Amino acid sequence: MGSYEEVRKPTMSSASPFRSPMEAAPSSLILRSLTRPLQFIAFWLAIVTPLAYPPLLLGGLDSQSFLIFVGVVALNVFGLLAGRGYGDPA
């Protein structure tokens, strides 16, 4: 009874097996490189689409122009949501 062996349990390490952030997530880099241009387009879409409101409203909203108006509003909302944060520093 003189010998005592410590039983070691494996521990989880938070260290990444990758050497650098570039190596860690290449898909993240691709996603990030696509995000900025899409935010740019969405931001300017949100700026420009309200310019179509007056001509559509002044021309009257029959069934076809109403659908166009709803589409322009939907594009504007999409641009507002997708383009927010465009001017923020990365």
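Which residues does UniProt list for "transmembrane region" in this protein? Let's start there. The unreviewed UniProt entry gives two stretches, residues 38-58 and residues 64-83. Keep in mind that what we have on screen is a predicted model, so let's see what that model does with those two stretches.

Take residues 64-83. In the model that span is 100% helix and 0% strand, and its end C-alpha atoms lie 28 Å apart. Residues 38-58 come out at 81% helix and 0% strand, with 32 Å between the end C-alpha atoms.

Okay, stepping back to the whole chain. We've got 90 residues, and 13% of them count as buried. The chain exposes about 7900 Å², and carbon and sulfur atoms supply 69% of that. If you look at contacts between residues at least 6 apart in sequence, 64% of them join residues at least 24 apart.

How far does the predictor trust itself? The mean pLDDT is 81, and 70% of the residues reach 70 or more. Helix H1, residues 21-24, has the lowest confidence, with a mean of 54, while H4 has the highest, at 95.

Which residues of H4 are buried? They are Ser65, Phe69, Val72, Asn76, Gly79 and Gly83. Looking down the axis of H4, these buried residues fall within an arc of 85°, so they line one face of the helix. Here's the general idea behind that: an α-helix has 3.6 residues a turn, so residues three or four places apart point the same way. On the face turned away from the buried side of H4, you find the exposed residues Ser63, Leu67 and Leu81.

Asn76 sits in H4, and it counts as buried because its relative accessibility is 9%, with the cut-off being under 20%. What does Asn76 touch, leaving out residues up to four places away in sequence? The list is Leu45, Ala46, Thr49, Pro50 and Tyr53.

Now hop over to helix H2, which covers residues 26-48 and includes Gln39. Gln39 has 15% relative accessibility, so this residue is counted as buried too. Setting aside neighbours within four places in sequence, Gln39 is in contact with Ala82, Gly83, Arg84, Gly85 and Tyr86.

H4 is followed by Gly85, which has a positive phi, near 85°. Gly85 is also among the contacts of Gln39.

That's the tour, thanks everyone.

Notes: Residues numbered from 1 in each chain as written. Predicted model: local features only at pLDDT ≥ 70, side-chain atom pairs only at ≥ 80, totals over all residues. Heavy atoms only, no water. Buried < 20%, exposed > 50% of the residue type's maximum accessible area, 1.4 Å probe, protein only. Helix = DSSP H or I, 4+ residues; strand = E, 2+ residues; numbered from the N terminus. Arc of directions from axis to C-beta. UniProt positions renumbered as here; feature names shortened; annotations may be inferred. Contact = heavy atoms within 4.5 Å. Areas by Shrake-Rupley, 256 points an atom, 1.4 Å probe, with all protein chains shown as cover. pLDDT = per-residue confidence, 0-100.
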